[in-house]
Structure formats: C-alpha cells, structure tokens
Amino acid sequence: MLRDVSFEAAEGEVVALLGPSGCGKTTLLRIIAGLETAEQGRITLNGQDLTNVPVYRRGFGMVFQDYALFPHKTAAENIAFGLRMARWPAVRQQERVAHLLEMVGLSGMGERAVYDLSGGEQQRVALARALAPAPRLLLLDEPLGALDRALRERLMDELRSILQQALAEVEGQEKVTTIYVTHDQEEAFAVAGRIMVMNQGRIEQSGTPLELYRSPETPFVARFLGMDNLLPGTVVGRRPCLVETAIGRVEVDGNCEYEAGSEGVVLIRPEAAEIVAAGQEGKNELTAVVQDISFRGRYQIVQIAVTKNDQITPLKLSFDIEQPLPEPGGQVKLSLLPEECRFYDGS
Amino acid sequence: MADQTAVSMLIRLIKNLPINSINLINLINLMLPKRLRSQTALPLLLLLLPLLFLAAFFFYPLLNIFRLTLTSETIGEVVSRPYIIRVAWFTFWQAAVSTGLTLALGLPAAYLFARFEFPGRNLLRALATVPFVMPTVVVAAAFRTLLGNTGPVNQALMALMGQERPVLQLEQTLAIILLAHIFYNLGVVIRLVGGFWANMNPRMVEAAQVLGASPWRAFRTVTLPLLRPPLLSASLLVFLFTFTSFGVILLLGGPAFSTLETEIYRQYVNFLEPDVAAVLSILQIAFTFILMSLYAHWQQRSAVALDFRPQAATRRPAQTTLQRTAVLLLVIGICLFLVTPLLTLAWRSFVGGDGRLTLAYYKALPVSRRGSITFIPPLAAVANSLGYAVLTVLSAGFLGLLSALVLARPSSLRRWLEPVFMLPLGASAVTLGLGYVVTLDRLRTSPLLVLIAHTLVAFPFVVRSLLPVLQGIRPSLREAAAVLGASPWRVWREVDLPIVGRALLVAAVFAFTVSLGEFGATSFIARPNSGFLTMPIAIQRYLSQPGALNFGQALAMSTILMVVCAAGFVAIERFRIADIGEF
C-alpha cells in the first residue's frame, strides 16, 4: 500500500526506486505504467495529465522482472512488436531492430527463438524491445534480478552504458528518462543518478548516491545501505551532542536539538574510525578487540568487539588497505570521528 | 477562432472517450453492485452457454435417473441381489487387477523411456500411446483377430506344437479382458509417470547415493515418494478407465462376464428392466464421482513443480549390458504387444476366407444387402460417423473454448466450477446413454441426440487440452504487449490466440477421435433402423454375427477407424506443446 508518494523526474534522469520486498516500489512502477490504478493521485508527463490514459497509449517502455518475452516470436519479432503497434513502415522497422540488436550486443541473433536464448541474452532482448519505439519514459522492474551474481555485475556496467547511449539517441526526440526499481543497493548506486529509498509504501529519503551514503536520514536507510553500526543511546549533552551508548559516551556530529534524556539510535559510519597511536589522544576513544579482517580490494572490513560494563558490542569498520592492523584477537585503540557519527531521534 | 478551439477540444474529448467493447463491459460493471463487479460479471456471461448445455444434457438426464429409482425401495432391493453384488465385486476386482498389471509393466517401461536415450525412442513412445485413442470396438476386433482361436498366434503355436486344437483359448476369458486393458492403458502410465520422472532432477538420487544409499534404497526413499503424485494419478486414472470399461467387457468377455457398465446395458436392452439399470447407474455415478474427486485432489498435488530439469538433460544412452538388454526388451515388448494387434487387424481385413489377399470386404461396404443386420450400407455408417465427428469438433470445441477461457483466469469461481466441468469425463457413457433414452425420449428420433452425446463426452477433453495452455500464459506477457501499445483486443490477437492456436488444434483432434470412437452412449441411442448408425455400432453388430463376410466387413471398418484415429493421434503429437502433467 502506497502512502503519500510524490516525486518528479527530470528529462534524461535515471531515478532508482530502492527498497526491500514489499515496500511498494513495484506497485508504484506499475501505477506509472498504467497497469494498475491508484485510488488517488495523478501522473503527469511534461504537463500532460496521463492518469486516465490507458496503458497502451502512454508510450512508455517497460522491462519486466521475468522479461515477459513472447515465446511464440523470435527475438527480432519481439523487438519489433512496439514498432508494429505504432505502425512503423516495414523498412524502418528492420533498420531499427538491427540497430537495437547491435546496441545491446546481440547482432545477428534476431532469428533466434526466445527459448534458445540464455538468461542474459533474454534480458538484453527485453531491454531492446522496450527501447525500440523510442519511449519517453523507460521503466525497469528489477531487470537484473533473475541473473546470477557474475552476470549481474557484468550487465550492471553494460546497462549503464546502454542507457546512456539511449539517452544520446536524439533523432529530434527528447531524451529517455528512466525509472529503475531494485532491492539491490549496489545496482541502484551503479546505475542511477538519483535514488529514492522506499519503506512500507513511503519514500524515506531521496538523493544522489553520494548524499545517501554520506548522510542517511533514517536508521532504515542506513541499514539498507549496509551500515550495521546502529546503537541505541540516550542524549546526555547538547553542545556538543553527546549520547550515552553501550560502548560509552559518543560525541556525534553537530549540535543536538534534542532534550537531554531523548532516546534514539546512534549511527557510526564504517569510515568513522581512526587508529590512535601510542601517546596520542582522539575523540570518542575506545579500546577494542579485532575479531575478523576481510580484504575487499581497496579497503578492508574489520569486525571489532568493544567490551564495556560486561557488554560486548560488535562494530563493522572500514579501513584503507594500507592501514596496518593487529591480527584477529589483538587489541586496538581507536577514535571515532564525531562528524562520521550521527544521532537519530526515536528508536 | 473560438469555434476552432471548441471543435478541437470536442475532437480531443471524443478521441479520449472509451468507446471500445472492453470499456463498454467496464461500464456495465460499474453499474453493477460492487460485490459482483468485474471478477464475476463477464466470466459469468461467457459461462452461461456451457453451463446451460451441461445442465440440460448432463445433469437433467442424470437427475431423472435418480428420480426413477428413488420412488420405490428399488435401490435396496436391487443392490442386495446376490447377482448384482457379484457384478459389483467383479467390476472392482478386475479393475484393481488390471491397474496392478498395467502398473507392473508400465513402471519399468516408464523408467526406461524417462532415463534412456535410444534410436526411435520418440516414435516408440508415441506408438505406446496409440492404443489409448483407439475405439473399444477396434481393440476388441484386433484382439479377436490376433488371439482368437483361428488367429495367427494360435496358428503358429498349433504348427509349432503339432496340435490340432487351438493352444491359446482366450476368447471370452478373463485373460483376454485383462490383456486388452493393459493394452489400452499402458500408454497412460508411461506418459504420466514417465513424463514426471523424466523431468525429475537425477542429482537427487545421486545425492542419496553419495550419502550411502544403495540404488534400491535410493529408489525407495527418494524416487518413489517423489513419484507418488503422478503414480497415484495414473493409478486412479487407469482404475477409472477399467472400472468403466464397456466395449472390452462386452465384446471380448462375452456373456459370461459382466461389470456395472455392461450390466446397465443388458438390464435395459436385453432384460427390459430400466429400474434395475437406473439403480446400477446410480451406483456407477457414486463410485466414479469418488474416484474423480480423488483424482482431482491428486492432480493438484502433482502440479507442484519439483526442481524440474529439461527432459533431454536427464537422459543418457544405455551403457551397461543390463541396460541395453532392458531397452531391447522394451522395444520388442512394445512392438509385439502394442503394435501387433493393430497390424494384424489391418492385415486380416485384406485376407479372404481362402487365405488370399482381397479387397472384397472393403468392396462390400457401400453395398446394402438384404438380410443385412444394418439396413443401410455400412459405408453410410462411415459417412455418419465422420459427419458427427466434424460437428462434435465444432460444438465441443466452441463450448470447451468458452469454458477454458473463463476457467483460465484466476477467480473464486474456478475452484468449484472446474470439477463440475470435468464431471462428464467420469460419468460413464453408458449411464449417459441411459439417461438420454429415459429423459430425452422425444429427441430419440432426432439425429441431434447422438451429436449431443458426443459433444458431452468430448467436452472435458477439449477443456483439458486448452486449459493448461491458457493458464500457462503469464499475465506479464499480456501486460508487456499492452505497454508496447497493444489495445486489449490486439493483446488477445497477438498473445492469447497464437499461443492457444496449437492447443485448439489438439483439442479439435481429440474431439474428432473421441466422437468417431464413441460406443457406450451411442449404443443406447442409435437404433438399427434409423439413418444415423455410427461406425462403432455397425462394427459391433457385424462382430456379433457369424459368417466370414460379416467378420470381414467388421474388420474393414475397424481398419478405417483405426487409421483415422492413428492419423489424428499423430496430429496431436505434432502440435502438442506441453509434456508435463498431461490430462
């Protein structure tokens, strides 16, 4: 059930609807497409009200989660379907189909039957089919959802370049705007210019990937983006903002508007920690035991455990790959940068 | 200027008005009270015709049979007669034994077909199922020809063993009944169980073996439980078919054997006791209804996909000597058992009394002879049958398509409507025939009655052929077409129709062959001195009379029937898409 959802997309933008299953993102997409009707609200395109226009007259393109390729037609026939509905002359249809096959990297495979294609190939045909009639708006419903991880990684990059190519398809037409629905944060970050995080029918936060990552506005968004260090805490000081948590008193970013005694959640971003050298001091100092170190290329994910008052709190931090760290089991002294810590009111 | 804007506004308004049929129906929907909207309104309208048909020509005649018997204590009295009890017992008994034997032979065959790749596999599998579409009269004639006292098997055995009298005296014995039942139903087991088996992931058995299970243990604890749904489906289906077996018992078993079906016929036609016949019909309906419910229940369970793999991926060529021998035995067995009777039938129709090839029997078909038991030339019976078959395709096809279209969309209606539509499949044709002669006697002189009977019998097959295909069309396909610019009617034309087109052909062929071979109901309705005798009835009458010419003509007509049905079957195979979960 969607509640009070409202957003705009600029021409040529790639907007992602990101959220867990059941948050309403697919429903929203289907309403935009015209496959479902909202009880209230309007859909407008360039000032034109489309709310009552039936789905087959909206001129959008859509890629379904299961691709929905017509099994009784070949790849080329699938791609040409929208062109046939729009009554393009046969010659132009052929040209356009060939052009699109090339664009998605399937040149020469037009005559293949749909069930002879692999998952990745089917996905590309579905994309080509949606793009063929040069739609004003492109709707993608978890297009990479049905693929295995390796293929998904590869296609994520390809998708971005295909979308940009489609954007550059001028021919005197407006640029294609894209709305991309996914539950995978990585996908959204890779493909979209603006992301809207949805939760239980509402948009929790909207912004560029960088904005979202830098300052998630709610614990839900933070958790969804993979930030696990969320500690319940109580405000004990206002300037600077101090919060009492399981790991001790933490100074967070900015001044608090919250009364002392307010309950809430402290987010410690993975990049918040710095190693304190011997003899030095830092804000939000704590001593922890290293539990596990996992290498991820340019950075390393370090799992630590902070013990205070007989309570053990795990934290997941991220360090530069060059940063020397003790072996698992060893102790380490850290300081947390206040500007990377944030307090959310409520629990 | 103002006029222009007004006009253009008006034009735009008109262009945006929903003036197509779907929106018209939506309009009607909006006028209905909220509870009855879109979900039920349109489907109900479409369903009206098939429902009316079923009500008038299925439920009404059956209810009349009920009425007939409930007026007196007839039921209790008849059912307690020792003879009737024996008949009922025999019906169960022979069905159970037939099912058991069919399973015993069918399971290994299913396994071999499912797991092994060998040349001619597809052809052999198709051949194994041909018997199923054969009319019972053809099967009866074929078995009589092959295994009869003067048949080639006996002749060969007599020559081999130097005997004067026939070695295998199978005519009118239980053995030949059982053989015929196996002949008929082996294909059902091979298809239902084999199809499921072939799609099962072989890795599961391999996993069991890695974990320490012997091949037999793995079979017992992994394969068999997983096979339970199709096994039960197949067993129930075979039991149902043998339970309601009519032609085989009547023609091959002779007067010594009687099941409920044949007893209904005899009581009405020979003993002129419609009351007793009606009581037996009730019994029959009750049993088959229970069986059908069980079947529907198990059918649902087997519809759960269990880690299916494409069939070709799970098959291997036979490797060990044991496997090779098994496959060879399978091939020989099927050719011998399933193909030979039909071939013999065809061959004998060309052989005269002097043992030489002749077309005499075929030539006698167009001739109406005085003293002939059919008062019309047998060829007219052929023409009648073909005519009925074509009309049945149209009527059963039309009604079946309407029903399938509605039943395919998910709705609360479907759950209890689908079994209702499938009921004619379980109701015995003989009971149907009895219902007609009792109820619709006014129509008895009309050729329409036979058509109605055939339509009813063919209807469930049509629905069964169309429904899975229609249900298999994912909604996202229609949505994708709509987004790409196809109006609702265009969606139907571009998505539904092409996909269902093949299934329609299959359904048409089913209806055609079912009508051609229909025997049980028609035997009640068709009168000898009427112009609408059908081929199966004519064959039966010829078979029941002595004389080489009569027998030969029966064989000739049976061969024609056989060839047409086999051709129809080949067409079904060609056009059918689904391979899992048939029937």
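Is A:Arg87 buried or exposed, and how many other C-beta atoms lie within 10 Å? In this predicted model, A:Arg87 is exposed, because 8 other C-beta atoms lie within 10 Å and a residue with 12 or fewer counts as exposed. A:Arg87 sits in the loop that links helix 2 (75-85) to helix 3 (90-103) of chain A.

Most residues other than glycine have a negative phi. A:Arg87 has a positive value, near 55 degrees. A:Asn284, also not a glycine, has a positive phi of about 50 degrees. A:Asn284 belongs to the loop between strand 13 (273-275) and strand 14 (285-295) of chain A. A:Asn284 counts as buried because 22 C-beta neighbours lie inside 10 Å, and the cut-off for buried is 20 or more.

| Residue | Phi | C-beta neighbours within 10 Å | Class |
|---|---|---|---|
| A:Asn284 | about 50 degrees | 22 neighbours | buried |

**An open sheet in chain A**

Chain A has an open sheet of five strands, in the order 11-10-9-12-18, with antiparallel pairing. Strand 11 (248-251) and strand 18 (341-345) of chain A are at the edges; each has a single partner strand, so one side of each has no neighbour in the sheet. On average, neighbouring strands of this sheet are turned by 40 degrees against each other, direction ignored.

Strands of a sheet pair through backbone hydrogen bonds. In chain A, strand 10 (residues 242-245) and strand 11 run antiparallel and are joined by four bridges. A:Glu244 has A:Arg249, in strand 11 of chain A, as its bridge partner.

How values were computed
Residues are numbered from 1 along each chain as its sequence is written. Chains are lettered from A and ligands numbered from 1 in the order in which they are written. This is a predicted model: local features need pLDDT of at least 70, side-chain atom pairs count only at pLDDT 80 or more; totals for chains, interfaces and linings use all residues. Two strands pair if DSSP finds at least two bridges between them. Helices (H or I, at least four residues) and strands (E, at least two) are DSSP runs, numbered from the N terminus. Axes are lines fitted to C-alpha atoms, for helices over the stretch in contact, and angles run from 0 to 180 degrees between N-to-C directions.
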